[in-house]
Amino acid sequence: MRAIEPEYIVMPNTLFTEMPAASIQPAASKIITTDVKAYFGKTQALKGISLHIPENKVVAIIGPSGCGKSTYLRCINRMHEVAGGTISGSILFDGENIFDYDPVQLRRRIGMIFQKPNPFPTMSIFDNVAAGLRLNGRASKKELAEIVERSLRQAALWDEVKDSLNRSGVSLSGGQQQRLCIARTLAVNPEVILMDEPASALDPISTAKIEELIFKLRENYTIVIVTHNMQQAARVSDYTAFLYMGELVEYGDTKNIFTKPSIKQTEEYITGRFG
Amino acid sequence: MSSLCILSVLVAVVPLFLVIYYTLSQGIGALNLDFFIKMPKPVGESGGGMANALVGTAILIGLGSIIGLPVSILAGIYLAENGDNTFGAIVRFFADVLSGIPSIVVGVVAYMLVVLPMKGFSAIAGGVALGILMIPTATRTTEEMIRLVPHSLREAALALGIPQWKTMLRIVLPVALKGITTGILLAIARAAGETAPLLFTALGNRFWSTEINHPIASLTVFIYDYAKAPFEDWNRQAWAAAFVLILLIVIVNVIFRFATRDRYESNRT
């Protein structure tokens, strides 16, 4: 496996050139990761990932199973540490080092959607969406109701559940549960949403709904989505990063990555010759 | 094979029904309103009841729960969350050993710890003994039940920016609550049925007392005293007390189940 130095990566967009963080407009890069290495005990899962994630765009991370794409995602909101992993390198969020943050505060600004829908089983639909705010001890009853409605509308679930907000969250279908989880994340009003294969456990119709949602959400949020499904990456993302065995192989405009990738490995993966 | 299973079920269940039937049939003669509201009569007089023992048992269980359950639940949470190390293994090992220790030994410990320093038998000493008896079962069940809660729920909560302690308290514990309740009930039921550790801690009392620093009556000690007494009247009352004890445990069970029932029908899928 050939290590690829950042300067060899073709960066069609100036956003991705290796400029020092300070010279980048805040509106340009929401998250800048430099040489991020992640470990599980002695096993190295990421071998130095440097990426700029632009604001209000969708960045897809693709790659074969075990390439470290989920691990990379979980470094950004420091969930990697919860699982007992360690990280080195720097991750800047709005120009600030995320390791200077209290992880709890950081996660309120960087939300996460998981592969399997995971609504809280002891809570109603309403309580699920309100959980983040309620357990952080802010917002009055009236505010809460407004935020819950707004979040459910944003997640395109309101019309389906508005008459049954007191039903259990787990009584919904899988696709609805996932949108409920998205609403729950939106309610905390994050700036970035990390999605770890959000549609891989869902049927095609629910998947289409989630993709539609991602398309809408990018107006207000920065989204990083990990996916196995290359068509999905091509459909929803503005930029695509291809990871292989813990290394970044290529990163660029989604159109370019899928039509004329500059690195042979990317092409082979996209055309299905390996992975 | 299935007939063998049915047979096994019968073997398991029949003794239970026999116990209930036998205690009821033997004690029914003494089961009346007086039994619940009257005090024991002096030797030689017939009639009377066990009001003080009923209240005493309730107080002893209450004291035991206050002493034992918080420790158990916190220890269970600790073992589930941070117990994957040598210290956790040691705590777990001792909890398992403690659950197998004869209850009379726990009684001796409570005698040394409470009765001797206080220079007298007392309800609080009985409560300490029962509390210690509750700890192993309740701790291990709490741990197991918390471990059963899917990790994804914890992650979901943490990813929302909910602090770890709130995640445990408001997300994980409610999910595990039903199982934990079952464990606590087992612990309470065991404590309620203990006689040996009460003999030299709470001692027993033929008079009305609700003070926790004085000897206190309990159903089990009454059963012990009355069953070996040479009076038929007392023997009958012992049977009745045994039946009431079983009934008490059933009632506690039902109340706990009701309090921790599923709020959502659909959860039972």
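## Salt bridge and interface

B:Glu155 and A:Arg74 join their side chains in a salt bridge, 2.5 Å from N to O. The term requires a side-chain nitrogen of Lys or Arg within 4 Å of a carboxyl oxygen of Asp or Glu. Between chain A and chain B the count is 1 salt bridge. The side of chain A that touches chain B draws two or more residues from each of several elements, including helix H3 (103-109), helix H4 (125-134) and helix H7 (174-187). Helices (H or I, at least four residues) and strands (E, at least two) are DSSP runs, numbered from the N terminus.

Chain A brings 31 residues to the contact and chain B brings 20 residues. Contact means heavy atoms within 4.5 Å. About 2,100 Å² is buried between chain A and chain B, with 65% from carbon and sulfur atoms. A:Phe120, A:Thr122 and A:Leu135 supply 31% of the area that chain A buries against chain B, more than any other three residues. Buried area is the accessible area (1.4 Å probe) that two parts lose on being put together, summed over both.

## Basis of the model

This is a predicted model: local features need pLDDT of at least 70, side-chain atom pairs count only at pLDDT 80 or more, and totals for chains, interfaces and linings use all residues. Residues are numbered from 1 along each chain as its sequence is written, chains are lettered from A and ligands numbered from 1 in the order in which they are written, and side-chain values use heavy atoms, with hydrogens and water left out.

## A:Arg134

A:Arg134 lies in helix H4 of chain A. A:Arg134 is partly exposed, at 36% relative accessible area. The classes are buried (under 20%), exposed (over 50%) and partly exposed in between, with a 1.4 Å probe and protein chains only. The side chains of A:Arg134 and A:Asp127 make a polar contact at 2.8 Å. That term means a pair of N or O atoms within 3.5 Å; within protein, one must be able to donate a hydrogen and the other to accept it, and residues adjacent in sequence count only if both atoms are side-chain atoms.

## Charges over rings

The charged end of A:Arg184 sits over the ring of A:Phe120, 4.3 Å from the ring centre. A:Arg218 places its charged end over A:Phe215, 4.2 Å from the centre. The rule asks for NZ of Lys or CZ of Arg within 6 Å of the ring centre and within 35 degrees of the ring normal.
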